[in-house]
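Visitor: I have a few questions about how the labels in this model are assigned. Could you walk me through them?

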Amino acid sequence: MTAAIVARRLSKVYPRGRISALLEVDLEIPQGDVFGLIGRNGAGKTTFVRVAATQLLPTGGTMSVLGHDVVDEADRIRPRIAAVPQESRPLYFLTVDQLVYLYLRLRGLERADARERTDRVLAELDLTALAHRLVSRLSGGMRRRAMVAMVLASDAELLFLDEPTTGLDPIARREVWAAIRRAQREKRTVLLTTHYLDEAEALSARLALLDGGRVRLEGTPAELRQRVRLPYRVSVEGVFTRGELEPYGEVSDVNGGHLVFAQERDARELAMAALGRGARVAMAPVTLEDIFLQVVGRRLDDEPAAAEGA
Ligand SMILES: Nc1ncnc2c1ncn2[C@@H]1O[C@H](COP(=O)(O)OP(=O)(O)OP(=O)(O)O)[C@@H](O)[C@H]1O
Ligand SMILES: [Mg+2]
């Protein structure tokens with residue numbers, strides 16, 4: 001497995017406020033697949049993406065992108081990548097069609113190729129009807145889609161999508177998913193950040209969970225499940241009291257019953273016991289959201305979220 005991005009003890013301290021946004025991050029992002037980066041606000045996702053996209057210099061450690069060092073060989077990296085930044089400001093005086101087409105021409109694509117890619121991506125992201133509308137007259141979500149269209153239409157081998165679906169309606173989100181899947185079928189590498197954990201799980205071959213500038217978990221969704229202490233969720237409706245459930249695992253109250261996070265054996269036992277008493281019960285592996293809450297949620301009360309002032 002060749003890596004598209006290799007970070008070794010990568011750190012970033014922003015000069016203003018002396019905030020450590022990344023703390024000795026070791027991460028390998030394989031080539032030709034979608035890699036999801038998740039974590040709370042301020043976890044360091046955008047900082048990681050911006051260092052990899054050669055927009056920001058690291059303050060410690062090293063990072064290579066497509067085999068080149070981000071500090072010394074940024075010029076070798078730039079023609080081969082494309083990025084949708086988290087806060088994007090497209091050129092307002094262009095139409096959607098011009099925005100995508102001119103971007104592709106600037107990247108050096110031939111007229112016919114740029115035309116064909118532009119038409120295809122606009123159709124794919126349901127922007128054809130808006131093709132001749134000025135970017136300045138688009139809604140926020142439409143503008144976001146236009147930016148995503150630009151990057152997905154490019155011939156870059158490595159795409160950075162920093163929250164590409166934030167603010168999109170559910171249908172537009174699915175269209176972006178389909179376009180990301182196409183990029184993946186074309187064996188391009190996509191580094192995706194998102195707060196929608198269903199999206200992260202649906203699209204990513206591997207994921208990393210960042211927390212306070214550090215990598216807390218990394219792996220395939222299935223590996224992440226194995227890494228948490230309580231990998232099963234059992235929901236039980238009625239009949240049981242909280243006290244009866246506590247021996248099986250960690251119990252929380254939910255509408256009309258309880259949710260128990262447990263190890264596999266305890267989860268099975270509880271499910272059998274609940275069935276025996278005629279309770280409604282459902283048992284399943286934890287979701288990515290459960291993992292997220294287990295790993296970073298519990299600390300809310302006892303530790304600050306970011307490593308500020310480090
Ligand atoms: N330009 C900057 N100058 C100073 N500090 C910054 C700057 N950009 C980010 N930070 C700080 O670095 C940390 C990581 O920020 P970053 O934007 O990487 O987080 P994120 O994971 O992308 O969060 P979000 O989910 O909100 O987008 C935060 O504590 C933030 O305040
Ligand atoms: Mg961000």
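Guide: Gladly! Strand β12 (residues 250-254) pairs with β13 in the antiparallel sense, over five bridges. This is a predicted model, where local features need pLDDT of at least 70 and side-chain atom pairs count only at pLDDT 80 or more, while totals for chains, interfaces and linings use all residues. Residues are numbered from 1 along each chain as its sequence is written, and chains are lettered from A and ligands numbered from 1 in the order in which they are written.

Visitor: Why are β12 and β13 called paired?

Guide: Two strands pair if DSSP finds at least two bridges between them, and β12 and β13 have five, so they qualify. In this pairing, Val254 stands opposite Gly257 in β13. The hairpin of β12 and β13 has two residues between the strands, and Gly256 takes a positive phi near 75 degrees.

Visitor: What makes β11 and β13 a pair?

Guide: Strand β11 (residues 232-237) is joined to β13 (residues 257-262) by six bridges, and the two run antiparallel. Val236, for instance, has His258 as its bridge partner in β13. Both are strands in the sense of DSSP runs (E, at least two residues; helices are H or I, at least four), numbered from the N terminus.

Visitor: How do you know that β9 and β10 pair?

Guide: By the bridges again: β9 (residues 206-211) and β10 (residues 214-219) have five, in the antiparallel sense. Asp211 stands opposite Arg214 in β10. These strands form a hairpin with two residues between them, and Gly212 in the turn has a positive phi of about 55 degrees.

Visitor: What makes a set of residues a nonpolar core?

Guide: Its members are buried Ala, Val, Leu, Ile, Met, Phe, Trp, Tyr and Cys residues joined through C-beta atoms within 7 Å. Buried means that 20 or more other C-beta atoms lie within 10 Å of the residue's own, with C-beta atoms placed from the backbone. The largest such core has 72 residues, and Ala52, Val100, Ala149 and Phe160 have the most contacts inside it. Helix α5 (residues 140-153) gives the most to this core, with eight residues.

Visitor: Which residues is Val100 in contact with, beyond its neighbours within four places in sequence?

Guide: Thr118, Val121, Leu122, Ala149, Met150 and Ala153. Contact here means C-beta atoms, placed from the backbone, within 7 Å. There is also a second, separate core of 15 residues, which includes Val236, Phe240, Leu245 and Val251.

How values were computed: A residue is buried if 20 or more other C-beta atoms lie within 10 Å of its own, exposed if 12 or fewer, and partly exposed in between; C-beta atoms are placed from the backbone. Two residues are in contact if their C-beta atoms, placed from the backbone, lie within 7 Å.
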